[in-house]
Amino acid sequence: MLLEFDSNTAHSTGYLWEQNGACMYIGGKIENNDGAKGTNDYKYSYGRVTSSREVGYFNFTNSRTALCKIGTLAWGFKNNNNVQWPNTYLEDYESHDVWKAASMLGVSAMYRGTLSGNTENRKLTDFSDYDLQVKHKGNDLFEMYDLNMQTVLSDIEIYGLSSNDESRNVFDSVFLDVTRSTVITSAMTFNNLKFHPTSVPEQHRFKHPHVAHCSARNDLWSFPYSPCRIDCETNCPGTTYGSQISFFEIQDGSGVDVEGGAILGGDDREHETVNTHDWWKFEDNCTARFENWDSGGFMVCPTYGHRTAAGLSFLDIGLWHQTEGYSLRAYQEIVPGGPEEPVRHALNGTMYHWGNSSRRLGMQYGIVNVNGPCCDIGWYLSLDNGPLNKLAIWDEFLPVKPVKNNGLVFATSYPTGTSLVVNRCKRASSISGSYPGWDEPTCTPVNEETSLQAILEANSAAYFVDTTRTGSVMLIMKFKKEDSKQVSWEVGGVLQPQYRTRSNLDWYEIESSLYGLPQIMDLPDALESV
């Protein structure tokens, strides 16, 4: 643990290392190449090269950076529930004339910051030798870069980002989400943002980069179990799936002038996706903003102080049992390469808002994660190949603040006459050796309620089977994190949930007596809104 790091300054990096030269760097290793000691011939090992790295607590106070490719870069740390969050914490921080003010992976926060991309110093002669804007296509002050990030930025003042020159591919922006991957499992929450009204015009404040799914990083679209691997442009046209489930939350609505708070979700619509349209449009009062030649734009929706985002993962574990011959022990068995990698056990279907079939998310990419609006917006799942024998659901992240209906409400339909068993399963305590050698998970029945109203009022996970539907029965579930299992931390008045690794999460298993039948679409009525 770092005991004190106060009132330090650093400047002038990025000349030799144009890609990631940071003024303050936490993690990683830079050293001379073999036989090149004392020269400018360097080699770099990134910040996660050591498998045994343990978490530290880095609280930088009153730090100043300038003339940097990146002001402060922190690689993030190995998860450890016994240390203080956030792991990297910039307090009373300033960064000026930089391409990125900070890049902080893992669990991090910035509280009371002053950031600028371009100041009047740009007019000085020394700057003419190194034009950051031309070399790096404009300034991007802060990017949601990594998977499993949890970032809070509160009380931040921003200046000097207005460059817009399409002919040079130069566009300044302040906050960017991640759209170049097949998935996003991170969250970034803002509070009390103060954009200078003239030096940071609205279109430069938030950026949602337009990236084609067939251009996803590391050629993830081409992996063996990806439905896109053959003729990607035909089967998976348009934006990445990660782009479609990406979001920001602004707790107080600052920076977008939405009183009571706002969610900014990727504004990916049916003309640029396989099936997704208006998934982040909570209501008609939402507005499409921040779209330009360099950004696909966000759907900006009010939270009224009681809405948020939530995330679940869905897996066909009936197929797992058939192919592997034994029970699922833990998440990492079925998704060994992590959430970015397409898997054969992912679902193929569509998630809808209750009561509105035009607001939907296409799940055709072999990815298990779903992020979406919560909690006066119910989620309804319709599967292309009909109900599954065994469906598993992980609650990736759920609200920590008071929300409508006390949690996320989910539904899916089964044929009339179906018998359902709903259990909550816990990973075995003994996981030594190979996966088949792990102990069986412990599964217990989930509380069954007798009405939708009882589900909405429930203070814990519960389910209800509605047998009054015409031509089907509907399973309705409430997902709510138990208070004893919900971990959070707070910075600058923002309460942030701490997402644990999936290997430590319980999951839900739904077993159906009837399955493999034609698709059922029986959309429930919309929930009462806030």
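This is a predicted model: local features need pLDDT of at least 70, side-chain atom pairs count only at pLDDT 80 or more; totals for chains, interfaces and linings use all residues.

Tutor: Along strand β35, residues 488-491, the side chains alternate. Trp489 and Val491 point to one face and are buried.

Now look at the partner of β35. Strand β36, residues 494-497, runs antiparallel to β35, and four bridges join the two. Ser488 has Pro497 of β36 as its bridge partner. The two strands form a hairpin with two residues between them. In this hairpin Gly492 takes a positive phi near 55 degrees.

Next, a single residue in another strand. Thr412 sits in β29, residues 408-415. Its relative accessible area is 5%, so Thr412 is buried. A polar atom of the Thr412 side chain lies 2.8 Å from the backbone oxygen of Leu381. Leaving out residues up to four places away in sequence, Thr412 touches Tyr380, Leu381, Val473, Met474 and Leu475.

Last, a parallel case. Three strands make an open sheet in the order β12-β16-β18, with parallel pairing. The edges are β12 (140-143) and β18 (206-207). Each has a single partner strand, so one side of each is left without a neighbour in the sheet. Strand β16, residues 173-176, is joined to β18 by two bridges, and these strands run parallel. Leu176 stands opposite Lys207 in β18.

Note on methods
Residues are numbered from 1 along each chain as its sequence is written. Side-chain values use heavy atoms; hydrogens and water are left out. Buried means under 20% relative accessible area, exposed over 50%, partly exposed in between (1.4 Å probe, protein chains only). A polar contact is a pair of N or O atoms within 3.5 Å; within protein, one must be able to donate a hydrogen and the other to accept it, and residues adjacent in sequence count only if both atoms are side-chain atoms. Contact means heavy atoms within 4.5 Å. Two strands pair if DSSP finds at least two bridges between them.
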